Amino acid sequence: MKPHDRSALLQSFSRTGLCQQTPSIPHYWVFIDTILRGLGQVMLQNNSYTGLLFLIGIFYHSVLLGCAAILGTVTSTLTAILLGADRADIRAGLFGFNGALTAIALLYFLEPLWISWGYVILATAFSSITMSTMLNCMSTWRLPTLTAPFVLTTLLFILACARFGQLQVTGLLPSAGLPNIHTEVEGVVTLSTLLQGTLNGIAQVFFQSNSITGLFFLLGLFINSRTACMAALFGSLFGVCIAWGMGVAEPAIRAGAFGFNNVLTALVFFGGLFVLNRSSLLYGLLAVTVTSFIYAALSASLEPLGMPAMTSAFIITVWLFILAAPQFSRLNLISPS
């Protein structure tokens, strides 16, 4: 790169990454910035530095899933570009984050055979189609798509594996069968359980059960928004405490299984969705609380199919609470776009 180009590149950086209007720098830098924004958007952060820290955290725990995150984000973003999606949406990473999650999920639940990588490319390209469909449909009710394209795409492609003998699932899918009506309390919850469960709950947004990865994610949130960082930490800890109080097995609490949906719900409701007042804080707290119970219900409902609930509890909770908000005069909804 020539000195003039290098100087232009350095001047184009802002606190969230490359400036949106950067005509003087090479296109590949803009594309890299877009990919990193897509990773940041998994936790609703339009910030390429945040996305980079998320990626580092994923690679720290799993090189395989780190490669999956890159592949998924690149494929879904390129699909949107080639099909002519809105440039502003692409640039903000809105066509990248569902692809990233889809790729990570599929290579988490499938053996990484050569055919699995092709399967991932197809699925992540399809996630951009699903994203566009939901953008059109949800605009009628002024609802955000959130991670719904990821959940729908991943469930369809995992279910399809039952008919494709070349694809082999790992042992990480839930065991198909009727859920237990009476679940016994397993293990003793300690301070270590709560601490690891809180950090793992943040990491599990990307299917990572690693406390150090959770710290990377928190740092990524912090550099973009201290409020988002605190919201994620609160959401995960609150989800862990609810799970403990309701008698969830200690290994599940430690792994962060009852934290990641709460993290995402807290990021939405304490991140500027409503005008801040006592009613909106109470409303957000109620949403984060309910998320744990909806996750438990959906996990039990999907268990007979051997399917994971993933972030479906977060999606349903946010949609229900946004749709209900106009009926409450003390809640002033800001556009959730």
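Gly256 counts as buried because its relative accessibility is 0%, where buried means under 20% relative accessible area, exposed over 50% and partly exposed in between (1.4 Å probe, protein chains only). The residue lies in the loop between H12 and H13; helices (H or I, at least four residues) and strands (E, at least two) are DSSP runs, numbered from the N terminus. Leaving aside neighbours within four places in sequence, Gly256 is in contact with Gly197, Asn200, Gly201 and Gln204, contact being defined as heavy atoms within 4.5 Å. Gly256 and Ser236 are 20 residues apart in sequence, and their C-alpha atoms are 7.9 Å apart in space.

The model is predicted: local features need pLDDT of at least 70 and side-chain atom pairs count only at pLDDT 80 or more, whereas totals for chains, interfaces and linings use all residues. Residues are numbered from 1 along each chain as its sequence is written, and side-chain values use heavy atoms, with hydrogens and water left out.

Helix H9 covers residues 191-203. The 13 residues of H9 reach 18 Å from first C-alpha to last, close to the 18 Å expected at 1.5 Å a residue; the expected span is 1.5 Å times one less than the number of residues. Among the buried residues of H9 are Gly197, Asn200 and Gly201. The buried residues of this helix pack against H10 (211-224), H11 (226-245), H12 (250-255) and H13 (260-269).

Helix H14 (residues 278-302) has 25 residues and reaches 36 Å between its first and last C-alpha, close to the 36 Å expected. The buried residues of H14, including Tyr283, Gly284 and Ala287, pack against H11, H13 and H15 (312-324). Phe269 touches Tyr283, Gly284 and Ala287, together with Phe274, Val318 and Phe321, not counting residues up to four places away in sequence.

Phe269 also belongs to the largest nonpolar core, which has 90 residues; Phe269, Met43, Phe206 and Leu267 have the most contacts inside it. Helix H6 (residues 97-109) gives the most to this core, with 9 residues. Such a core is a set of buried Ala, Val, Leu, Ile, Met, Phe, Trp, Tyr and Cys residues joined through side-chain atoms within 4.5 Å.

Ser76 counts as buried because its relative accessibility is 0%. A polar atom of the Ser76 side chain lies 2.8 Å from the backbone oxygen of Phe95. Ser76 touches Phe95, Gly96, Gly99, Thr124, Ser127 and Ser128, with residues up to four places away in sequence not counted.

Taken as a whole, the protein chain has 15 helices and 2 strands. Its radius of gyration is 20 Å, close to the 20 Å that the globule rule gives for 337 residues, so the chain is as compact as a globular protein of that length. The radius is taken over C-alpha atoms, and the rule is 2.2 Å times the number of residues to the power 0.38. Of the 337 residues, 52% count as buried.

Note on methods: A polar contact is a pair of N or O atoms within 3.5 Å; within protein, one must be able to donate a hydrogen and the other to accept it, and residues adjacent in sequence count only if both atoms are side-chain atoms.
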